[in-house]
Amino acid sequence: MVSVSRLPLKAVLVDLSGTLHISDNVIPGAVKALARLRNSKLKVKFVTNTTKESMTALHERLTKLGFDIQMSEIFSSLTAAKNVITNNKYRPYFLLSESAKKDFEDIQTDNPNAVVVGLAPECFNYQTLNDAFRLLLDGCPLIAINKSRYYKRPDGLALGTGPFVQGLEYAADVKATVVGKPERAFFLEALRTMDCKPQEAVMIGDDARDDIGGAQAAGLSGILVKTGKYRDDDESKIDPGPTQVCDDFPAAVQHIVTQML
């Protein structure tokens, strides 16, 4: 565990998939634990690398699962990606799910000058990847909405966006710009919307590298939960290790409320 000098805690960043839910299955006790966290008066923001569905679809899913979450409280790597696309006037060749593309309906895609990759199992085939490869050879930048190794589905672990991004990097001899977790800028932008400093915040998530390692590198505390994609001894895969390791989200909230306030 890591022990560092902190400012009084003001904010909590919470991962979604694997931490609060797995697809349509709620992590036991997570709904009540979120209500308890809100009652602590801490600011809460939900930060996600999920690119399988649009923000609207994600919010609808969370609402149906019983979570009291406003769409404005969700900070997504899709939002970060759209900001990069808009600021650079990119016309992307998208490797994205049809649901996630709904967040980019106002983006011009004719005559692509960039390749943008998210989690899109139905799009990852030889033809689409080869089309992306050829654009990269022509000088188009590669934008990775995230670079996660794997994620948790109800039937087990599944390949994430990272292996496909890295394959394109290797083939085209390029380096992707990553806009989601674990990038420092992603965490800092989420905190900026809450008017909080990194030293005033803690991140809760199931991914040791992307959630906890990224957050701690940005100056936050990190609580790793043993749900979702967590595997035995994941905490040893980052240095420094997590500030705290908890069995699940309710246990993480218990630790915050009783030990960090």
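Visitor: Which residues do ring pairs link into a cluster?
Guide: The structure is a predicted model, so local features need pLDDT of at least 70 and side-chain atom pairs count only at pLDDT 80 or more, whereas totals for chains, interfaces and linings use all residues. Residues are numbered from 1 along each chain as its sequence is written, and side-chain values use heavy atoms, with hydrogens and water left out. Rings of Phe, Tyr and Trp (its six-membered ring) pair if their centres lie within 6.5 Å, and planes under 30 degrees apart count as stacked, over 60 as edge-to-face and the rest as tilted. Ring pairs of this kind join three residues into a cluster, namely Phe75, Phe186 and Phe187.

Visitor: How many residues apart are Phe75 and Phe186, which link distant parts of the chain?
Guide: The rule for rings gives four aromatic pairs, and one of them is the tilted pair of Phe75 and Phe186, with 4.9 Å from centre to centre and 50° between the planes. Phe75 lies in strand 5 (residues 74-76) and Phe186 in helix 7 (residues 184-192), where helices (H or I, at least four residues) and strands (E, at least two) are DSSP runs numbered from the N terminus. Both residues are buried, a term for under 20% relative accessible area, with exposed over 50% and partly exposed in between (1.4 Å probe, protein chains only).

Visitor: Why is the pair of Phe124 and Phe164 stacked?
Guide: Phe124 is buried because its relative accessible area is 13%, whereas Phe164, at 21%, is partly exposed. The ring centres of Phe124 and Phe164 are 4.0 Å apart, and the pair is stacked because the angle between the planes is 20°.

Visitor: Which residue has its charged end over the ring of Tyr150?
Guide: A charge sits over a ring if NZ of Lys or CZ of Arg is within 6 Å of the ring centre and within 35 degrees of the ring normal. For Tyr150 the charged end is 5.5 Å from the ring centre, and it belongs to Lys229.

Visitor: Which residues touch the most other members of the largest nonpolar core?
Guide: A nonpolar core is a set of buried Ala, Val, Leu, Ile, Met, Phe, Trp, Tyr and Cys residues joined through side-chain atoms within 4.5 Å. The largest nonpolar core holds 36 residues, and those touching the most other members are Leu13, Phe104, Met203 and Leu220.

Visitor: How many residues make up the second, separate core?
Guide: Leu220 is in contact (heavy atoms within 4.5 Å) with residues including Leu13, Phe187 and Met203, not counting residues up to four places away in sequence. A second, separate core includes Val12, Leu16, Leu34 and Phe67, and its size is 30 residues.

Visitor: What is the bridge partner of Tyr93 in strand 7?
Guide: Pro92 and Phe94 point one way from strand 6 (residues 92-95), while Tyr93 and Leu95 point the other way, and all are buried. Two strands pair if DSSP finds at least two bridges between them, and strand 6 and strand 7 pair in the parallel sense over four bridges. In strand 7, the bridge partner of Tyr93 is Val115.

Visitor: What is the relative accessible area of Asp173?
Guide: Asp173 has a positive phi of about 55° although it is not a glycine, and it is found in the loop between helix 6 and strand 11. Asp173 counts as exposed because its relative accessible area is 71%.

Visitor: How far apart are the closest N and O atoms in the salt bridge of Lys147 with Glu169?
Guide: A salt bridge is a side-chain nitrogen of Lys or Arg within 4 Å of a carboxyl oxygen of Asp or Glu, and the structure holds 13 salt bridges. Lys147 counts as partly exposed at 21% relative accessibility, whereas Glu169 counts as buried at 8%. In the salt bridge of Lys147 with Glu169, the distance between the closest N and O atoms is 2.8 Å.

Visitor: Which residues are linked in a network of salt bridges?
Guide: Side chains of opposite charge can pair when their charged atoms come close. In this model, a network of salt bridges links Asp15, Lys181 and Asp211.
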